[in-house]
Amino acid sequence: MIEKLFKFHGGVHPPEHKAESAATPIRPVPMPARLVLPLRQHIGNVAKVKVAVGDHVLKGQQLAAPEGMISAAVHAPTSGTVVAIDEQLIPHVSGLPDLCITLQADGEDRWIEREPLDYEDMEKTAVIEALRQAGVVGLGGATFPTHVKLRADPRHPVKTLILNGAECEPFITCDDRLMRERADEIIRGLQIMAYLLDAECCLVGIEDNKPEAAQAMRTACARSAVPVEVVLVPTLYPGGGAKQLIKVLTGWEVPSGKLPSEIGVQCFNVATAYAVHRFIDHGEPVISRIVTVTGKVARPGNFEVPLGMAIETLVQAAGGAAPDIDGFIMGGPMMGFKLPSPRVPVVKATNCIIAASPDLFPPQPLPMPCIRCARCADVCPANLQPQELYWFAKSQNFEKARDYHLFDCIECGCCSYVCPSHIPLVQYYRYAKSEIIALDRAKQAANLARERNQLRLARIEREKQERQARHAQKAMGAKTDTAADEAKKAIIAAAIERAKAQKAAVTPQNTDHLPPEAQAEIARIEARRSQAMEQQKE
Amino acid sequence: MVSALLVMVGLGLVLGALLGYASIKFRVEGDPLVDKIDAILPQTQCGQCGYPGCRPYAAAIAKGEADINQCPPGGEAGVRALADLLGVEPKPLNTAHGVPKPKSVAVIDENLCIGCTLCIQACPVDAILGAAKQMHTVIASECTGCELCVAPCPVDCITMVPIPETVSNWKWRYPVFEIKAVS
Amino acid sequence: MMAMASPYLSEQTSVSMIMRKVLLALVPGIAAYVWVYGSGILVSLLLASVTALVSEAVMLKLRGRPLRPFLLDGSALVTAWLLALALPPIAPWWLVVVGTLFAIVVAKQLYGGLGYNPFNPAMVGYAVLLISFPVAMTQWPAPLELAQAKLSLLDQLRYIFGRVLPSGLTVDAISSATPLDTLKTQLKLHHGMADIMAAPMFGTLGTKGGEIVAGAYLLGGVYLLWQRIITWHVPVAFLGMLALLASGCHLIDADRYAGPLFHLFSGAAMLCAFFIATDPVSGPTTPKGKLIFGAGIGILTWVIRTWGGYPDGVAFAVLLMNICVPLIDAYTQPRVFGHEK
């Protein structure tokens, strides 16, 4: 029984904007004709493609397998044909394309064979492996592969299992609705997780702005045999951060650079528990998720969306966006990012889509100089000194930034939120972090190169000595003949000739073996081009 | 007078013995300055500085024979780091040794490669695989982008390809604001 | 254009809003000032404000910075008002102008403008004036109820701009030594504390009239605390330390050392506690650092008042502690989440 809650440093109370989307039940969406499934929907190694273009696949069939331990599989959200495996725009803050599988739905929505997993009669490692193949990742937005966190580690036994239903970011209500409507299923997932981890204590942390969800979860707990305690935590952003929630519920701080499991705690999102239940009890891998669609849309609410559905199609299902929007934000307004295009697909990390407009998110005035008011330090949940980090990041003094614990920053945005000078502080930290990571990588590469260079020099030295030894030996015997050398040179020269000929031969490659009409077309184009060039010259 | 002399001589002897002991006890193997300079150099081993590799260049800097601004792959940041280490003023890169380029890797056109092994011999970090008369290929992750393999290739089948920006190596940009005209 | 990256939400706040609230918090103090000393202070405030804005504009222009955002942020006005309130209200016009110019041009803009000044600009201006023009700086008017002669606003203007007094009046008739000054001189003459304090210029808490103004500053300070413009650390540490030292020594020898209330309610102690020492730019940022900073000002103020060469030590105390700020900040970094201390 939790008797006392703890506090973390700082935090802010941004306007919640949850009422707009929390009122209506989760709605289904019609299966789109085309689905785009990025292979990188999780943290870790990119999944390895298992299908080829033209393959017909069934709903729930694995399209890409996990590569290594920290990776997750990708499955077909409906039955259909693989029409492309290529680079497409993905919902990533960089706005860069990445490898995706495109699926053309056949409209039949035919499932693979689904079987519940008799997990209690299986080896736990086999259950973990099954979850790895099911593509279950943290659905709160972090998308860390769940099976990795569910491996019981004898060095760090997990005593406390925490379900995170805090949902502290403004606008987002997908966990709220899920807890209200599917509390029994979530608790069932929690039960499976607790079994796998041998956890002694199960807690569900819910912010006190979601009384209905807490009530539903309490009722579900009472119905199930699992001893779970549902705890209302004060509404304070970023109280839903894993480290912050652990602190509030247990008073323990996850040591910097360590994992929660190292202090005997493991924390999962409620939607992840639901996904575990769907897979174990129904044999369904992760092929859909609940997404909040809100902001300037006609009918905001929550939707059960197949992964791979285009954001713009999803927004249509919510009644379409207002004409004055200037983009879509994925995630919440505090930590989310603006999508590079409305055509990018819904992925496992997509918990919320906000149709953003200038009146919802007013433009930021130009930043003023920092006046060291330290409001940022007052609200920082990591108890950092954001104003100092800002100086170091701005002046590219990365070593100093690291000394001041830049990497303990969780990028929650509280500092930027309160800054009276409107300095985009988090931007500076992200910049400094990615520069430091790149510098570290370059350093590693340089060390590798140095090592390889030294090995090479040592090898050359060794060979030289061996050669000298041989020469000394030969000097005793016959003189070496230069004929062999000459022959070698001739062979190289001949090879060069061949290569030149080959180069000349292979240049027009792609226009060979074309039908006569195409050849004629090419001739016409060439004629036009030379004509154009002539004209240009004149 | 005599006692003062004796005190001074005695002090000298004691301190001398201490110094001598310290030099044996705390002896540093190798030249630590060369190691420190070498740690800053990018290890491209390209030889653009005029020395046959990063370590020889580091040794030359330590001896005062080479300037700190002869390493184009290290860029201005490298010059600054060297200046910081050596306690001298940073100076602009000496463009006589080349200009910084985007990081690239060598790619062998495998259709054209004749398997002459000349590039393998040129590669300072053994990042090219292949054998005589067999097609060669570059291990991209080990390639430092030094371009030393480009010139020896008798059939010009090696090109330097800049590393593209992808989702995995993408970096956040420095925050820049649109400048409004001064009213 | 919305923000480049998250967070897309931000609190409705700005530098100019903070500065406006500081100015608003000074209003009760100014009102009390006018009531006690007459309306001459309004002339000083106006002079300082105009000088500050004009010099700030010229400096911004010279430095190629945008004018609008920096003139409208209100920081120059805060500096001007604080300096004007620290100067004698019948000070000659050029004293106010020179002080403000030095504060804005040298102490603020030459260091890089808003956010970059290591020293409190108003206190730099004050210290420069105190060292350069000691006589003009100590000519304080007596509170109206004690003054031998009351000057009308017109007479005050004449005096401020032309040093012309109505016929028959001498400077001594309108000005008097400040209580802190008197205390210092009288103590040197080996008069007892009780005798000195019996003079009419000493009031119930601190000094006659001055204590009312100090009380009004305290009121403004409470407003700033309520609005979360400042935190409690610096005022509490400063006033607490000043009171602690004063009461300690007062208990030991009440005849030589003034009591805590006198120290708190005389001179610029209250103005400093809530408006000057709390300047974020030149102060420390960590909570522990703020306590050290405030306590340091308290100690220095008391030491200068008691043994130093100047009657009030607030300006020098603040400037001396400003020097220590980077060191204080570096050594008072709070424990970061997930780290051992």
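Mentor: The contact (heavy atoms within 4.5 Å) takes 55 residues from chain A and 41 residues from chain C. This is a predicted model, where local features need pLDDT of at least 70 and side-chain atom pairs count only at pLDDT 80 or more, while totals for chains, interfaces and linings use all residues. Residues are numbered from 1 along each chain as written, chains are lettered from A in the order written, and side-chain values use heavy atoms, without hydrogens or water.

Trainee: What makes up the area that chain A and chain C bury between them?
Mentor: Buried area is the accessible area (1.4 Å probe) that two parts lose on being put together, summed over both. Here about 4100 Å² is buried, 60% of it on carbon and sulfur atoms. In chain A, Met368(A), Ile371(A) and Arg372(A) lose the most area to chain C, together 16% of what that side buries.

Trainee: Why is the pair Arg372(A) and Asp329(C) called a salt bridge?
Mentor: The term asks for a side-chain nitrogen of Lys or Arg within 4 Å of a carboxyl oxygen of Asp or Glu. The closest N and O atoms of Arg372(A) and Asp329(C) are 3.0 Å apart, so the pair meets that cut-off.
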